[in-house]
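Thanks, everyone, for making the time this morning.

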Amino acid sequence: MAYKALYREWRPKNFKEVIGQDHISLTLKNAIEHGRVAHAYLFSGPRGTGKTSSAKVLAKALNCENGPTPEPCNTCEHCLRINSGSSMDVLEIDAASNRGIDEIRDLREKVKFAATEGRYKVYIIDEVHMLTTEAFNALLKTLEEPPEQVVFVLATTEPHKIPATILSRVQRFDFKRISVPNIVSRLNTVVEDFAQEVDEDALLLIARKAEGGMRDALSLLDQCYSTGQRLDVDRVVQVLGALSEDDIYSFCEKIIDGDTFAVINSLNDFLLEGKECVQIVREVVEHLRNLLILKVTNDGSNLIFVSKEAWDKILSQSQKVSLERLSKFITLFIKSEGEIKNSTQPRITLEVALIKACSSDSVFNPSQSNNESAKIAPLAQASTQQQVNKKLGVEDKKVEVKVQVCNNGEQEYKKEQRISLSEVKDNWQKILELVKKTSIGTYAFLIEGVPIDLNKDVLSIGFKEKNTFHRDKINQPENKKIVEQSLFTVLGYPIGIKCTSNSEFSTSSETDRDLIDQTYQVFPEELVEIKE
């Protein structure tokens, strides 16, 4: 005898076996018990959630020799014929391949005849949204005034495509995605007859990959079981082409740490193993989503389904990254998934997204990272800053420092290179862009100011009197540090800032200040005397 797929062998035979749709099963059972069966139903919901199975159980309940009954016996001739698909009174029509007006006209002619074997004729029209407009119009009259002892069950995954005139003539039931625990429970029942051992974590992974569809879960289980070996997590990962929990944890850890080289190497390893770019992105997004849930909830145990071994790891990892960074990561990768699907170079598209993620602005913004090194003053971060400059494509500028011994024996540091106000102005747009990448809020305040003076390595940023709010915001320590850090990154020279309004501007004009700066570049500072 030919092998029968698990999803066919384990198709629900009564309402009790329809997993995760208790709200629908209870309503239909009560309608049958009280003789209030409608002439037309619409079953809508995601694939593999029990729409067609519920329709067949309803047909059995109406035609069972012991019925109509909420619990068909599954042993009488009518029930057995419906189970085998050979009943003349239960007709299943695929609207995707029978979508024209001629097919519906033929149905209208046949529906006039009484049931041949049972009490009711049941028409199950699957994927009904595929019917043409003319076919819907032809079906409309039949649904409005159906013959007695005829029940229509329309099934669809896209109810929004069904005309309102049809929706108003049916009772609609919305099937929901089946939860991971319910799928795992059902799979445990199925594997009881398996000869080989099955790990609970393997069933959990299959349930997650099924995305709420019981039929998908059974198909995946069937595929993994056919290997003939012990069914563990590694076997499921290998068969499904997915990433293991350890792999995805390690991969996301490298992204959070900003280790671009390690991330690109890991991606290369995944691709050599046959993993698809879209699959990798989805795994990354799912893992980052778990971290996000842990950040915003006290206990995400009912929202996150991972193995016990992985739970402590992701809990620890979620504490290393800020909520804002996680949101940015998820937004970036969701966008890149669509780009990868439409790209002729999916690998390069994914690599660009990963490099963007590794070059996250958390390196500059202390509020986005729990790493205390991000709070160190700019001069103490010179070595780290060189790495940052490379990531941002900013050219390094060296500042030479000479050490002289004074009369009192103390060391005196003299900077040979000075930064002029004109150089700050020339690079101001680049500085603004870097501030924008670091913190959009700081950028919104800073954009209202202009550099007006540079004196003793302190840059004065002028704001109009009406923008005192923006001035005060930039003067706040966290915003001030971001601006100073950006100045150091672009100019390669440590510069402090102070913010002023019009009435506080320096008495020297910008032209005078530029002239002074140019003079310092030509003559030693000790030889220059400035007179008002």
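Let me start at Glu 127, which is found in the loop between E3 and H6, where the labels follow the DSSP runs, helices being H or I runs of at least four residues and strands being E runs of at least two, numbered from the N terminus. This is a predicted model, in which local features need pLDDT of at least 70 and side-chain atom pairs count only at pLDDT 80 or more, while totals for chains, interfaces and linings use all residues. Residues are numbered from 1 along each chain as its sequence is written, and side-chain values use heavy atoms, with hydrogens and water left out.

As background, most residues other than glycine have a negative phi. Glu 127 is partly exposed, because its relative accessible area is 23%, and the cut-offs are under 20% for buried, over 50% for exposed and partly exposed in between, with a 1.4 Å probe and protein chains only.

There is another such residue in the loop between H6 and E4, namely Gln 149. Gln 149 has a positive phi of about 60°, and again this is not a glycine. With a relative accessible area of 38%, Gln 149 also counts as partly exposed.

Now to the sheet around these loops. Five strands make up an open sheet, in the order E2-E3-E4-E1-E5, with parallel pairing; two strands are said to pair if DSSP finds at least two bridges between them. Strand E2 (90-94) and strand E5 (171-174) stand at the edges with a single partner strand each, so one side of each has no neighbour in the sheet. On average, neighbouring strands of this sheet are turned by 15° against each other, direction ignored.

Please look at E3 in particular. Are the residues of E3 mostly covered or uncovered? Six of its six residues are buried, so this strand is mostly covered. Both faces take part, with Lys 121, Tyr 123 and Ile 125 buried on one side, and Val 122, Ile 124 and Asp 126 buried on the other.

On one flank, E2 and E3 run parallel and are joined by five bridges, and Ile 93 has Ile 125 in E3 as its bridge partner. The chain crosses from E2 through H5 to E3, and this β-α-β crossover is right-handed, a word that applies if, with the strands pointing away from the viewer, the path from the first strand over the helix to the second runs clockwise.

On the other flank, E3 (residues 121-126) pairs with E4 (residues 150-156) in the parallel sense over five bridges. Lys 121 has Val 150 in E4 as its bridge partner, while Val 122 stands opposite Val 151 in E4. E3, helix H6 (residues 133-144) and E4 also make a right-handed β-α-β unit.

Helix H5 (residues 101-110) lies across E2, E3 and E4, running at about 170° to E3, and helix H2 (residues 22-33) lies across strand E1 (40-44) and E5, at about 150° to E5. These axes are lines fitted to C-alpha atoms, for helices over the stretch in contact, and the angles run from 0 to 180 degrees between N-to-C directions; contact means heavy atoms within 4.5 Å.

H23 is followed by Gly 492, whose phi is positive, near 70°.

Finally, the whole protein chain. Its secondary structure comes to 24 helices and 10 strands, and of its 532 residues, 45% count as buried. Among contacts between residues at least 6 apart in sequence, 71% join residues at least 24 apart.
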